[in-house]
Every structure is written in structure tokens, then in C-alpha cells.
Amino acid sequence: MRRWSNVSNAYKIPKVLPTTVVGSYPKFPEAKKALKLYEKGEISEEEFEQLIKEAIRKAVEDQIEAGIDIISDGEQRREDMEVYFAERLEGFVVGNNPEDWVRIFDNVHYRKPIVVGKIAWKGPMTLTDWKYATEFSQGRPVKAIITGPYTMADWAFDNYYGDKRELIIDLAKALQKELKILYEAGARFLQVDEPALSTHPYKDDIEIAKEALSIVFSGMEDAKKIVHICHGRVEKLFPDILDYPVDQFDLEFVNNNFKLLEAIKEYDYASSGKELGYGVIDIHSKKVETKDFIKNAIYRVLEIMPPEKVYVKPDCGLKILGDRDIAFKKMKVMVEATKEVRKELGYDES
Ligand SMILES: [Zn+2]
């Protein structure tokens with residue numbers, strides 16, 4: 001007789017060097033069309049959901065075909081990582097006037113949300129898509145990913161609190177509720193994105209972010225707690241962030257020419273016991289990395305980190321590549337290179 005088994009346990013994550021993604025994936029035409037028509041009010045709720053689901057399914061299928069172990073929903077519904085949450089939390093308004101648009105980094109522009117009242121959680125923002133992705137993940141864990149309280153505050157205008165810490169703490173309380181429902185639905189890889197932190201590598205900011213993260217992750221002790229940080233001088237956050245209440249830092253390395261490895265070594269990251277999400281794919285270049293480039297990068301980190309603690313992944317979200325074909329090729333070669341290293345290290349893949 002067939003016994004019931006927990007689907008999420010069906011997939012065997014490799015014991016060493018599991019592969020994963022940061023989260024976003026280039027938008028599929030379905031998602032682009034859905035978001036465009038929705039903005040113009042030219043699409044019904046049902047049609048919109050149908051298109052978004054189609055895009056999520058394709059993003060999941062691409063990751064599975066590439067061989068990624070821990071996947072994401074591709075963030076197909078999210079216009080961007082700031083506005084998406086601001087539009088769904090109590091306390092924000094998001095202007096539609098293009099004059100309000102600001103440039104953050106590279107060519108990323110967004111509508112800057114304004115804090116006009118007390119921040120509160122109104123209801124699930126990411127649960128539907130996370131659940132939908134798990135239906136197609138063939139047992140692979142799907143990361144639950146949200147934008148962090150520090151970044152949400154830093155990328156908004158504050159017209160209400162007048163105190164950065166207070167705003168961040170209220171955001172943390174609201175976002176904890178979001179993460180908690182994902183956790184209760186079964187998510188065990190919980191990732192909070194805090195790209196803004198590296199642009200303010202100061203003691204006070206590092207402390208506020210730490211306090212906020214302990215709130216965001218509270219009540220989820222047996223889940224993998226991950227923080228993704230990028231877009232700046234991440235090394236300046238060392239060694240202060242090493243006592244953050246998280247299990248894994250997900251960081252970029254190609255973007256800084258692997259200079260961050262020096263900080264990992266200098267501050268003895270390995271003895272913190274934390275895992276490292278190790279970026280080996282450049283998301284700013286359309287050139288697909290070679291297998292040798294990735295293998296060399298992995299062997300470099302293995303000089304200072306045990307393979308059980310290293311997750312191989314792109315520097316940041318693949319969305320910015322804007323090209324699904326290239327994103328797919330990059331994931332595929334990353335998986336192939338990682339598999340070869342596992343084999344060379346003597347770990348049985350079967
Ligand atoms: Zn990033």
C-alpha cells in the first residue's frame with residue numbers, strides 16, 4: 001500500500017553545495033502583458049490571475065529544467081521589490097506621477113512610496129504565488145521571499161514617523177506577519193532582501209536592521225532564515241553583521257570581483273557557523289559564464305568554507321538580465337559546474 005508522504009520531503013537536497021536562486025526571474029510575456037493591461041484597467045481579475053499563474057509556472061519549470069535545488073516563484077507578479085509591498089501595506093501611498101520616480105542603482109527606476117500613516121499588515125501579499133509555485137516544484141523547496149524592513153524604509157519618503165528606527169520596527173512587525181503565514185503554509189526557506197543595508201554600512205543602521213530582523217523572523221525557529229544583501233560595499237558590514245539572528249547570508253561576489261572573499265576570510269565567517277549564499281553568476285552581464293569560471297569560483301570559497309555550508313547561486317535576482325534565454329543558460333551552467341565540483345569532492349549524487 002502506498003503511504004502518504006510529505007511532498008516537500010520528496011526532493012533530496014544535496015548535502016553539499018546545493019544550488020539556489022536569489023528570487024526574481026526575467027518577466028515572461030504573460031506577466032508583462034498582465035501587469036500592463038491591469039494598470040490600464042483593461043483586464044479582468046480572472047484574466048490577470050490566469051496570466052500571472054502561467055508566468056509563474058514557466059519560471060518554475062525553467063528552474064527545474066536547469067536543475068536548481070531550491071527555487072523561487074520568479075516574482076512574476078512584482079512590479080518591483082519596493083512598490084509591490086508598499087502598495088499592499090497599510091501606511092503607504094505610491095504616486096503615479098513620473099516626477100516622483102527616482103533612480104536607485106544602475107538603471108533601476110521606481111515610483112517612490114510615501115509613508116503617510118502607521119504601517120500595518122493588511123493581509124497576505126505573497127502567499128498565493130508561493131503556494132502556486134510549490135504545486136509545480138516537484139517537491140523542491142520554494143523560497144519565500146520578501147523585501148526587508150530596512151530597505152522598505154530606506155527606499156521610501158517618510159512623511160509620518162520622523163524617526164527612522166520607529167518606521168523600520170513597525171515595518172518589521174508588519175512583515176513578520178507576512179513571513180509567518182508563509183511559514184505556517186509550510187515554507188522553510190525564508191528570505192528577507194535587504195539591498196539597501198550595504199549602502200549605509202554604519203553602526204546605527206546595522207544595529208537597527210539587526211533588531212528588525214529578529215522581529216521579522218520571530219516565531220519561525222525551525223525555518224532557514226536567510227538575508228540577501230547586495231548592491232554596495234557589503235564588506236563594510238563585516239564583522240558587525242556576523243551576530244545577526246539568521247542562518248544564512250546570501251551575498252554577491254562576482255560584482256565585487258570576489259573581493260568579498262577577503263572579508264569572509266579575515267573575519268572568519270566559517271566559525272560563525274552560518275551558511276553562505278555564494279554568488280557566482282554576474283547579473284549585470286549578458287555573457288554566460290563558463291563552467292570553468294564557476295568551478296574556479298567554487299573552489300576558491302571552499303578554501304575558507306566547508307562545502308556543507310555553501311549554497312551556489314547567482315549574485316542577485318536574474319530579472320535584471322531581462323532575457324529569459326540568457327537567465328536560463330546561466331542557471332544551467334551554474335548547476336552543471338556545481339555538480340562537477342560535488343563529484344570531484346567525492347560526494348555521491350545518487
Ligand atoms: Zn540583490
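**Sheet and core of a predicted model**

User: In what order do the strands of the open sheet stand?
Analyst: In this predicted model, the open sheet has 6 strands with parallel pairing. Read across the sheet, the order is β5-β7-β8-β9-β10-β11.

User: Which strands stand at the edges of the sheet, and why is one side of each left without a neighbour?
Analyst: An edge strand here has a single partner strand, so one side of it is left without a neighbour in the sheet. This holds for β5 (144-147) and β11 (310-314).

User: Which residue in β10 is the bridge partner of Leu 251?
Analyst: Strands β9 (residues 248-251) and β10 (residues 275-281) run parallel and are joined by 4 bridges. Leu 251 has its bridge partner in β10. That partner is Tyr 278.

User: What angle does helix α9 make with β10?
Analyst: Helix α9 (residues 291-301) packs on the sheet and touches β10 and β11.

User: Which residues have the most contacts inside the largest nonpolar core?
Analyst: This core has 111 residues, and helix α6 (residues 164-184) gives the most to it, with 10 residues. Leaving out residues up to four places away in sequence, Phe 238 touches Leu 251, Leu 260, Ala 263, Ile 264, Tyr 267 and Tyr 269. The residues with the most contacts inside the core are Phe 238 and Tyr 278.

How values were computed
Residues numbered from 1 in each chain as written. Predicted model: local features only at pLDDT ≥ 70, side-chain atom pairs only at ≥ 80, totals over all residues. Heavy atoms only, no water. Core = buried A, V, L, I, M, F, W, Y, C linked by side-chain atoms within 4.5 Å. Buried < 20%, exposed > 50% of the residue type's maximum accessible area, 1.4 Å probe, protein only. Helix = DSSP H or I, 4+ residues; strand = E, 2+ residues; numbered from the N terminus. Contact = heavy atoms within 4.5 Å. Pairing = 2+ DSSP bridges. Axes fitted to C-alpha atoms, helices over the stretch in contact; angles between N-to-C directions.
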